[in-house]
Amino acid sequence: MGKGYTKQFKEQAMRLVTEQDYTPSRAARELGMPHSTLVVWLEKSGWTKPEPEGPLSGDPAVLRVRVRELQRQVKRLEMEKDILKKATAYFASQNLSGSSSSMHDERSSR
């Protein structure tokens with residue numbers, strides 16, 4: 001029998017793909033769940049895999065729109081990267097302070 005997921009979890013997982021432009025693979029990986037499970041949920045809800053984008057248009061207006069989209073994406077990814085860096089530094093400092101205090105406790109109990 002597979003792992004049970006709440007209805008709320010399923011809905012949030014599917015929203016990552018349908019509303020936040022995550023790929024099913026990325027959403028499943030970040031949620032720590034099987035990719036195939038998420039795809040089944042999405043397909044049951046009527047979601048279809050988007051068609052890959054064709055070659056770029058030569059129209060300057062279309063290119064400007066695409067550049068703006070890519071700039072927004074770069075900004076979002078840079079923000080995510082900064083958050084991850086800060087989280088990594090925070091948890092590393094917590095781990096170091098936790099291990100040094102436990103070492104101090106061991107020494108003082110001797």
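Reader: Leaving aside its neighbours within four places in sequence, with which residues is Arg26 in contact?

Author: The model is a predicted one, and the values discussed here are computed from it. Once neighbours within four places in sequence are set aside, Arg26 is in contact with Arg76 and Glu80. Arg26 belongs to helix 2.

Reader: Is Arg26 buried or exposed?

Author: Burial is judged by relative accessible area, with under 20% as the cut-off. Arg26 has 16% relative accessibility and therefore counts as buried. The side chain has a further feature: the charged end of Arg26 sits over the ring of Tyr22, at 3.9 Å from the centre of that ring.

Reader: How many helices and strands does the protein chain have?

Author: Its secondary structure comes to 4 helices and 0 strands, and the pattern along the sequence reads α-α-α-α. Of the 110 residues in the protein chain, 14% count as buried. The chain exposes about 9200 Å², of which carbon and sulfur atoms supply 56%. Among contacts between residues at least 6 apart in sequence, 43% join residues at least 24 apart.

Reader: Which residues of helix 1 are buried, and where do they fall around its axis?

Author: The general idea comes first. An α-helix has 3.6 residues a turn, so residues three or four places apart point the same way. In the present case, the buried residues of helix 1 are Ala13, Met14 and Val17. Viewed down the axis of helix 1, these buried residues fall within an arc of 95°, and they therefore line one face of the helix. The cover over them includes helix 2 (24-31) and helix 3.

Reader: How does the span of helix 1 agree with the number of its residues?

Author: At 1.5 Å a residue, the 12 residues of helix 1 should span 16 Å. The C-alpha atoms at its ends are 16 Å apart, which agrees.

Reader: What are the contacts of Met14, leaving aside its neighbours within four places in sequence?

Author: Met14, in helix 1, is buried, with a relative accessible area of 16%. Beyond its neighbours within four places, Met14 is in contact with Leu38, Trp41, Leu42 and Ser45. The C-alpha atoms of Met14 and Ala27 are separated by 8.4 Å, and these two residues are 13 residues apart along the chain.

Reader: How many aromatic pairs are there, and why is the pair of Tyr5 and Trp41 edge-to-face?

Author: Two rings pair if their centres lie within 6.5 Å, and planes over 60 degrees apart count as edge-to-face. By this rule the count comes to 4 aromatic pairs. The ring centres of Tyr5 and Trp41 are 5.2 Å apart and their planes stand at 80°, so this pair is edge-to-face. The pair links distant parts of the chain, 36 residues apart: Tyr5 is in the segment before helix 1 (7-18), and Trp41 is in helix 3 (residues 35-44).

Reader: What is the geometry of the pair that Phe9 and Trp41 form?

Author: Phe9 and Trp41 also form an edge-to-face pair, 6.4 Å centre to centre with 85° between the planes. Phe9 lies in helix 1 and Trp41 in helix 3, so their pair ties together parts that are 32 residues apart in sequence. Trp41 is buried, with a relative accessible area of 12%, whereas Phe9 is partly exposed at 23%. Tyr5, Phe9 and Trp41 form one aromatic cluster.

Technical notes: Residues numbered from 1 in each chain as written. Predicted model: local features only at pLDDT ≥ 70, side-chain atom pairs only at ≥ 80, totals over all residues. Heavy atoms only, no water. Phe/Tyr/Trp six-rings, centres within 6.5 Å; stacked < 30°, edge-to-face > 60°. Helix = DSSP H or I, 4+ residues; strand = E, 2+ residues; numbered from the N terminus. Buried < 20%, exposed > 50% of the residue type's maximum accessible area, 1.4 Å probe, protein only. Lys NZ or Arg CZ within 6 Å of the ring centre and 35° of its normal. Expected span 1.5 Å × (residues − 1). Arc of directions from axis to C-beta. Contact = heavy atoms within 4.5 Å. Areas by Shrake-Rupley, 256 points an atom, 1.4 Å probe, with all protein chains shown as cover.
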